[in-house]
Amino acid sequence: MAWKSSGLMQTCRFLLLVILFLPREMTSSVLTVNGKTENYILNTHLGFQESLRCAVQNHTREEELLWYREEGTVDLKSGNKINSSSVCVSSISENDNGVTFTCKLQRDQLVSVSVVLNVTFPPLLSGDEFQTAEEGSDVKLVCNVKSNPQAQMLWYRNNSILNLEKNHHEVQQTSESLQLSITKVKKSDNGTYRCFANSPLKTETKDFHLFVTDRAAAIPIEPIIAASVVVFLTLCFGLIARRKRIMKLCVKGEDPQRETAL
């Protein structure tokens, strides 16, 4: 009995050790990116180069690492995957702003650390610089903008802030554009409009030129329709009159043939 009891105790101890140490083995590995164990934001600038180094801490065996840029995987060389892995982001542009890089443990991808790039850059303006509109038509001037931090936007004309007229001007702004809508443009709207973008880094401007042309002369539709109807009816009456003459000639031409046949 003592031997059986001793064996049972050893089995229980073994099972207890498995329960205590197996989960710890599975979750003991910790990832760091540039020494940080939590997700973080990396502040950077245009043209900079950033290196992201992912490493496994407290690992008890060789661990393979994966890198993701947003949802897509990053190709890594064979010697840049085990226990530590680095990704270099060079020539950083405005398109890299807000992009997320994530390092994951290949064995357990729930173990991961993410880095979001915060790229600061001055306003970048674009848009159709020249527009021609007929007097009385509606026009939209769209100033596209990229900026981080977000820029304060205004429309200028003649070196001063544009005076907005009710039911004639409307301004709409988003994080990516400043739009000026002009309803029923007048000759007085002709000129140069300046898109003004002010950020803590720099102030940028872009000119938009609006050319308002004379309204095209309206074609008198009703007189044309009336004249067309008169011409059509005249042709119809003419054809009817000629048909009667043609029929008479045909009848006269047929009489001698009838007599000869008899």
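Buried here means under 20% relative accessible area, and that cut-off comes up in several of the close-ups below. Keep in mind that this is a predicted model.

**View 1. The disulfide between Cys54 and Cys103.**
The two sulfur atoms sit 2.0 Å apart. About the S-S bond the angle is -80 degrees, so to speak of handedness, the link of Cys54 and Cys103 is left-handed. This pair ties together distant parts of the chain: Cys54 belongs to strand E3 (residues 50–57) and Cys103 to strand E7 (residues 100–105), 49 residues apart. Cys54 has 0% relative accessibility, so it counts as buried. Cys103 is buried as well, because its relative accessible area is 0%.

**View 2. The disulfide between Cys143 and Cys195.**
Here the sulfur atoms are 2.1 Å apart. The link of Cys143 and Cys195 is left-handed too, with -85 degrees about the S-S bond. Again the pair joins distant parts of the chain, with Cys143 in strand E10 (residues 139–148) and Cys195 in strand E15 (residues 191–198), 52 residues apart. Cys143 comes out at 0% relative accessibility and therefore counts as buried. For Cys195 the relative accessibility is 0%, so this cysteine is buried too.

Searching the whole structure turns up two disulfides.

**View 3. Ser199 in the loop between E15 and E16.**
Is Ser199 buried or exposed? With a relative accessible area of 7%, Ser199 falls under the cut-off and is therefore buried. Leaving out residues up to four places away in sequence, Ser199 touches Pro122, Pro123, Ser147, Pro149 and Ala151.

**View 4. The open sheet that holds E15 and E16.**
Five strands make up this sheet, in the order E9-E16-E15-E11-E12, and the pairing is mixed. At the edges are strand E9 (130–134) and strand E12 (160–161), each pairing on one side only. Strands of a sheet pair through backbone hydrogen bonds, in either a parallel or an antiparallel way. For E15 and E16 the sense is antiparallel, over eight bridges. Zoom in on this pair and you find Ala197 standing opposite Glu204 in E16.

Conventions
Residues numbered from 1 in each chain as written. Predicted model: local features only at pLDDT ≥ 70, side-chain atom pairs only at ≥ 80, totals over all residues. Heavy atoms only, no water. Disulfide = S-S within 2.5 Å. Helix = DSSP H or I, 4+ residues; strand = E, 2+ residues; numbered from the N terminus. Buried < 20%, exposed > 50% of the residue type's maximum accessible area, 1.4 Å probe, protein only. Contact = heavy atoms within 4.5 Å. Pairing = 2+ DSSP bridges.
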